[in-house]
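Please study the sequence and the structure before reading on.

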Amino acid sequence: MPKLIKNGAIVEDTSPEVLDLEQWLECEERASRAVILEPGEILAPLIDHIDEIPLVMVNFPTFMDGRGFSYARELRDRGYTGEIRAVGHFIRDQLTYLGRCGFDAFQFDDESLLEPSLASLADFSEYYQASANQADPLFRRRA
Amino acid sequence: MYVYDQYDQKILDERVAQYRGQTERYLAGDLSEEEFLPLRLQNGLYVQRLAPMLRVAVPYGLMNSTQLRTVARLSRDFDKGYVHISTRQNIQFNWPELAEVPDMLAELAKVQMHAIQTSGNCIRNTTTDQFAGVARDELVDPRPYCEIIRQWSTLHPEFAFLPRKFKIAVCGTEEDRAAVRAHDIGIELVKNAAGEVGYKVLVGGGLGRTPVIGVEICDYLEKQHLLSYLEAILRVYNQHGRRDNKYKARIKILVKAMGIDAFREAVEAEWAHLKDGPTTLTDAEIERASSFFTEPEYAQIDAAAAEAALAEQGASDPIFANWVKRNTVAHRVDGYRIVNISLKATGYAPGDITDQQLELVADLADRFSFGELRSTHQQNLVLADVPMADLYELWQTLQKSGLATANIGYLTDMICCPGGDYCALANAKSIPVAESIQARFDDMDYVYDLGPLELNISGCMNACGHHHIGHIGILGVDKKGEEFYQVCLGGSQSKDASIGKILGPSFKQEDMADVMEKILGTYVDLRTEEENFLDTYRRVGIAPFKEKVYA
């Protein structure tokens, strides 16, 4: 079974069937299907079904395309609490940023990258901005 | 100035460690060239024509003498003993070794300096008025707001992989000395009828191959909403900005394509979700940021007596009097002057400064200006708080080191990018053009007679030398492998900002000084007594200049 990083550990992938956004919105049993987002897609229709989504995958065709970062922020800001998984060609050096935007799972095409990438999750222990995993920006937390 | 606490220092130290790891992985072959590229760029490291170039951030242009001494030492230990002040108020090392950059960053971190986001497709160093806090025409000191933006934009997780670079400038004065209309976002600090501080927000300005003057998106934003509103703009840009064409990826293209009203609507819709959330600024935070930019302990000076003494020194030493007139500016506090240190001596690349000069300026800042100094987007340095009684001694010291060129705001105080001598992007050299013009116009009386004049030179379309908004702009272009230079006239970076108009066919490098002579001669012939170059140009248009130059 393929593996991925989830909540800071390497686990086996047990994800359900994955549909693209259009298919997912039209599907009658969507609560048991994952949805995959591509850069450039409009998120609004998905937001209307936020409580029904078991898993959102965000595809990065290239790691330079940062639109996926905003998807995760918006989903979390609108109250989505399920898994958000990065798939495609993101790089390990982006893991802290992705995590702070709300990604909690990372699926590398090359599984040999999983182990070394765990270290990158801990690149930063403090940051200025409000984020998915720290609701208050630093200026509200400074001692 | 702002002083790091344990949080700021921790973030910076962790960034240095992260980048050290990235460099090691790259050198070991574990990180590809393509993957390392944006990582090193976001740490200020370019690979240039002759060597890497490291761009160190100077947040809103403010530094202390300790930081300057560190820069001087690093330029000796890791470089060739000089650095360059950029048009974003940053400091550039031209010859570092890629493998040594992590060590340089570690040294810089010890004095609260870094190279974070000085390049790459992310939010760049926020710039402002070099006279912030001491300017006479200041409504609101922009520095606390710049620092608040600095912290918010530093390692912002959502906006590190934008369609393109993103630049923010802030001004809080009657006059705009930060070119806010030439930025992706320009912020003017304003006060409403009740005297409360807020922001006029401009968006979609920028230079490069499609120069655009920014337009107003919000005429008054309440001060607590600064960051959530910026976040809304950035999110709309991140989602909708073009990514298919590098040259159409800046926010100016998006704003133009959508139209400002539709763009504003999209921002407002996004902002509705962010407004009043945790990113909303607190009064406590604004006060905390402001507490770092309080007045230094100014002496009580009898201004009349100080003026009289200065006049007396000037009478016996006219060269000094001239320097005071040209390079110093009235200060908000009686008995003080703002001093500009020109880095535009003839024969030196504009904006370059040696390690020894840096150390001298650091000493002068300690002796005469509370240990602080500023870099300017015109590529000069400023000592902002000099007692008038110390000006003579300060000037004598500067003069011995070649730093007393009395040309601030005149023709030879030109903005000039490093161009083809250093930059891998450049189509043409810009430094030799600057030098040829400085050499031709070596008669300072003539230069003063021309009045205030902004000459901006860029070596390529990327417009790092801001040629579009110079009263006179020069752009290096490549024609079948040969370097030519295009001239534009009538640009302005002030609140009445305008983009210069192209004069006509381009010129050879060796003809540029002659061309300038004809342009300036035309102006001298046509001007009225009170007019500066821009006024005359705006009155008579481009035709008479064209006639004379291409005659």
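## Terms and model

In the classes used here, Ala, Val, Leu, Ile, Met, Phe, Trp, Tyr, Cys and Pro count as nonpolar, while Asp, Glu, Lys and Arg count as charged. The others, Gly among them, count as polar. The model discussed below is predicted.

Rolling a probe the size of a water molecule over the atoms shows where empty space is left. The structure contains nine cavities of 30 Å³ or more. The largest cavity holds about 160 Å³ of space.

The lining of the largest cavity consists of 14 residues, and those nearest its centre are B:Met1, B:Pro59, B:Leu62, B:Gln67 and B:Gln112. Two elements of chain B, β3 (62-64) and α5 (143-153), each give two or more residues to this lining. Sorted by class, the lining of the largest cavity has ten nonpolar residues, two polar residues and two charged residues.

## Domains of chain B

Chain B is assigned three domains: domain 1 spans residues 6-110, domain 2 spans 135-290 and domain 3 spans 415-549. The C-alpha centres of domain 2 and domain 3 of chain B are 30 Å apart. Domain 2 of chain B brings 16 residues to the contact between these two domains, and domain 3 of chain B brings twelve residues.

## The second largest pocket

The second largest pocket contains about 800 Å³ of space. It is lined by 37 residues, of which B:Glu175, B:Gln378, B:Gly409, B:Pro452 and B:Glu454 are the closest to its centre. Domain 2 (135-290) and domain 3 (415-549) of chain B each provide at least three residues of this lining.

Which elements of chain B each supply at least two residues of the lining of the second largest pocket? They are β11 (328-330), β12 (336-341), β17 (455-458) and α17 (533-540). With three residues, α17(B) gives the most to this lining. By class, the lining of the second largest pocket comprises 13 nonpolar, 13 polar and eleven charged residues.

## Packing of two helices

In chain B, helix α10 (residues 303-316) packs against helix α11 (residues 318-327) at an angle of about 130 degrees, and their axes are 5 Å apart. Because of this angle, α10(B) is oblique to α11(B).

From α10(B), the contact involves B:Leu310, B:Gln313, B:Gly314, B:Ala315 and B:Ser316. From α11(B), it involves B:Pro318, B:Phe320, B:Ala321 and B:Val324. The contact of α10(B) with α11(B) has six nonpolar and three polar residues, with no charged residues.

How values were computed
Residues are numbered from 1 along each chain as its sequence is written. Chains are lettered from A and ligands numbered from 1 in the order in which they are written. This is a predicted model: local features need pLDDT of at least 70, side-chain atom pairs count only at pLDDT 80 or more; totals for chains, interfaces and linings use all residues. Side-chain values use heavy atoms; hydrogens and water are left out. Axes are lines fitted to C-alpha atoms, for helices over the stretch in contact, and angles run from 0 to 180 degrees between N-to-C directions. Helices (H or I, at least four residues) and strands (E, at least two) are DSSP runs, numbered from the N terminus. Angles under 35 degrees count as roughly parallel, over 145 as roughly antiparallel, 65 to 115 as roughly perpendicular and the rest as oblique. Contact means heavy atoms within 4.5 Å. On a 1 Å grid over the protein atoms alone, a cavity is a set of points where a 1.4 Å probe fits but cannot get out, and a pocket is an open set with protein on both sides within 12 Å along at least five of seven lines; lining residues have an atom within 4 Å of a point. Grid points are joined across faces, edges and corners, and a volume is the space filled by probe spheres set on the points. Domain bounds come from an automatic or database domain assignment.
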